[in-house]
Amino acid sequence: MKPLLSTYSSKLRAGRRLGPLLLALLVACSPFKLLRPGQRLLSRVEIKGVEQADKERLKSLAQQKPNTRFPPKLAIYQLGYNFYDSVRIKNKLHEIQTTYATRLKAAGTDSAELGKLLARRERKVNRKQLALDKGNAIMRLGEAPVVYDTALTRRSVEQMTTFLHSQGFFRAKVTATDTARYRRGILLRALGGLHKGSSDSLDVSKRYRRVTVTYNIAENRPFLYRLQPPSIPDSGVAALVRQGQNATLLHENERYNEDVIGQERTRLETLLKNAGYFDFRPQYITLEADTSYEKFTVRLRTFIANPGPGQGHRVYRIRQVRFVTDAGVGRTLRSATGDTLRRAGTVSALRARPSLGLRTDTTVTDSVRFAAYEQEFSTSLLARKVLVRPGQKYSLLRTQQTQRLLSNLDMFRFSTVSYRKVADPPAADSAGLHPTTGELNAIINAAPAPKYAINDEFGATFVANLAGPFLNLRLKTRNPFGGAEVLEFGIRAGLEGQLVRVATENQTQQSVLTKQFGATASLTLPQFLVPFRTNHFLTKYNPKTRFTLSETYVDRPEYTRSNFEFAFDYIWQRSAFHQYVFSPVVLTLVNSDPSEAFQQRLDDLKLTEGSSLYRSFNKQLEPSFGFTSLYNSNDFNQTRNAQYLRLAVEFGGLTRSLYRRPLFDETGLNVYDFARISVDYRRYYRLSPQTNFVWRLNGGAVHALSKTDDEFVVPYDKSFFAGGSTSLRAWQPRRLGPGGYTPRLSNGSRDYLTEQPGELLLEGSAEYRFPIYGFIKGAIFTDFGNVWGLQERKDENGYKRENAQFQLNSFYRQLALDTGIGIRFDFTFLILRLDLATKIYDPTAPAGETWALRNFNKSANPIAFNLGIGYPF
């Protein structure tokens, strides 16, 4: 479709091309120049009269939507239109075709040269054709004006009426009115006449240029269900439906709803397939509605027909389960699509390829026959992942669970569960005197994934205004010990920019490049490693045991620090969206070597503020155990209506009294006890296919359980922090708070650089995400929150850090607030993010300066730039 008025813009004046940008923007504010004579601009769509029906669904049925107001795509479109010349583009397109026709003729029979010329011509022609059809690059960033079309309005009325009928409003009426009225001409006013003709007439009167369409909906009284006894000639099916009647989605005196009726049909189909009815199809189910019985009443009866005269629905049982663990990808895909034809290859190909011999049923484990040329997997482990067994009735649920469990092993590229019937004529009644049960052979085809996988990643970070390269290497080994284990090794090396950890009197905001080296090793077992047998009971929850070792070494100008961690985790899944992790053993060993000047600064902070930063740079051992529940119904690109909830609880050092003192005397290691809880909840709303509204609430608390050297101490790594690209984005990472305390240096100036740990975190964010152009997306956001102390140090004058302690009657006045805009480059597999934020309210600022927006882009409130990968939440 060509841009509007493309036939009217044969050339642009030089003055318009070279005019100032401000003038172009002012012109773009009036969209009527884009309209042809007689056209009107749709500016608003309203839905009125909706009380019970789904108003959002009705809005989505409107065939025309007005141009988006934010971002102002219509203004952007007109700005690009001011530089658009369709005749020039057509001439250029003709020139390209003529030029390449000459070059192709000159190339003769040179196929290589002809291929290059054709590819170049195709690229150039496509580029010009795109500009001719959809406008120049600026126009494609915007949106063409929506020209009001009464035919589409009539179609919208029809679709809304149909939708309301499907929701039980059989007597609903939908009418549409618009503001496309007429002005009386001079002659008509003199005669006192008033034109009442069609709103689409082009004679007599002059139209208004903007149109507001209002859909007036009269729902009237809805029709309610009167449920009738079902009609099911097959007594076996009827008995099963009666047993599952408590789970029905249809209830007496509820409003008629075709969506719910469709869901009820699916429920009945699933119910029967889980009870062995392999051949059952949804076409057998009919829900008949009769509105002639009583006013505003629908008599609803369920019919489940037999497959044919004299034939009943047949129950199938599993006769044999065969698991091919080394099936090829082609065979597996053919099995998934129901293609059973054998692809043996040509005779010559068979001669050229050495025979592997016959694939036989080499092992029978737990009634499952495992077949392979050479069995590489533990058959006892695989048998626990197969929920289909001989003698069972066919079950769609067990089939799907088996496929999911095999997929979660990460051992196979593809895995399918298919069935083959054992021929036997069906009976007329599956619950009659002599019913015959059908038999199925279950065949599981699995195509193994490569044993080794290597991932290498090279890139650069941009943190604290410094760019630093990094290199990641990861090696994954599948099935190293024959039990479907996954063994992974990884190393990381790089440079990364960071702000100084604490400020000194003469320091400005200083960034340093740090050297970072790390190594990890993890082993994941597809079962619980416990001394008793639980795996048969827990199989459907996909149990796993994971061992992890990691070492991280950081070299900075102020200190060197190594962090060694061992973790032992049990992992299982309640559903595809819900995962649990229980960590009975987590050991963290921290060893730091600060410089003399840095240690002196840490000691000063301890004395003057009671800061726990010095605890981050001594030797310490952190034994702990914890539990995490994670629910996430979203996808990678966060495009669904979804929820995210992460709840984590951790306890550490509970038995330290048995060994703390001798351990410190012998090794210098400190041990702290603590309890920690954190909650992160996110809600995703899909407003349209391209726009989303997202909000997040995040909080947590950590508390020392007993005193260490006459004070309550929380390990630095277990503290909470606010500020940064995934927190309050107008503050530097870990620099906000605590509470309303204003950090200062010894010379009295405000300290913006020292990290501020807290023991209580409350924060939240809200973000509106919208498309800009292609893979470029935009966002508007606001963040709020802070951290506080729960066990602040005191002296004879009170708390050492005034207003840092959490107080129930004042904490809400200490919530920081910021806002900003963002640009995201969505490459589907990777999302690059740039957020620009500014402070609105800063509770840590001195009195009279808390409204930071008054100091916009000054030293107290500079624009914060945040670069990151992925969405902030």
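1. Accessible areas here come from the Shrake-Rupley method with a 1.4 Å probe, and for residues only the protein chains shown count as cover. On that basis the chain exposes about 46,200 Å², of which carbon and sulfur atoms supply 55%. This is a predicted model, in which local features need pLDDT of at least 70 and side-chain atom pairs count only at pLDDT 80 or more, while totals for chains, interfaces and linings use all residues. Residues are numbered from 1 along each chain as its sequence is written, and side-chain values use heavy atoms, with hydrogens and water left out.

2. On the overall make-up, the chain has 18 helices and 34 strands, these being DSSP runs numbered from the N terminus (helices are H or I of at least four residues, strands are E of at least two). Of its 873 residues, 44% count as buried, where buried means under 20% relative accessible area, exposed means over 50%, and partly exposed lies in between (1.4 Å probe, protein chains only). Among contacts (heavy atoms within 4.5 Å) between residues at least 6 apart in sequence, 68% join residues at least 24 apart.

3. Strand E19 (residues 559-573) and strand E20 (residues 578-594) run antiparallel and are joined by 14 bridges, with a hairpin of 4 residues leading from E19 to E20. Alanine 567 has valine 586 in E20 as its bridge partner. E20 pairs in the antiparallel sense with strand E21 (residues 620-632) as well, over 11 bridges, and the partner of valine 590 in E21 is glutamine 620.

4. Glycine 737 and proline 738 are joined by a cis peptide bond with omega of about -5°, and proline 738 is placed in the loop between strand E27 (711-712) and strand E28 (760-773).

5. A search of the whole structure finds 4 cavities of 30 Å³ or more, a cavity being a set of points on a 1 Å grid over the protein atoms alone where a 1.4 Å probe fits but cannot get out, with lining residues having an atom within 4 Å of a point. The largest cavity holds about 150 Å³ of space, a volume being the space filled by probe spheres set on the points, which are joined across faces, edges and corners. Of the 16 residues that line the largest cavity, Ser612, Pro757, Glu759, Arg793 and Arg801 are the closest to its centre. The lining divides into 5 nonpolar, 7 polar and 4 charged residues, where Ala, Val, Leu, Ile, Met, Phe, Trp, Tyr, Cys and Pro count as nonpolar, Asp, Glu, Lys and Arg as charged, and the others, Gly among them, as polar.

Notes: On a 1 Å grid over the protein atoms alone, a cavity is a set of points where a 1.4 Å probe fits but cannot get out, and a pocket is an open set with protein on both sides within 12 Å along at least five of seven lines; lining residues have an atom within 4 Å of a point. Two strands pair if DSSP finds at least two bridges between them.
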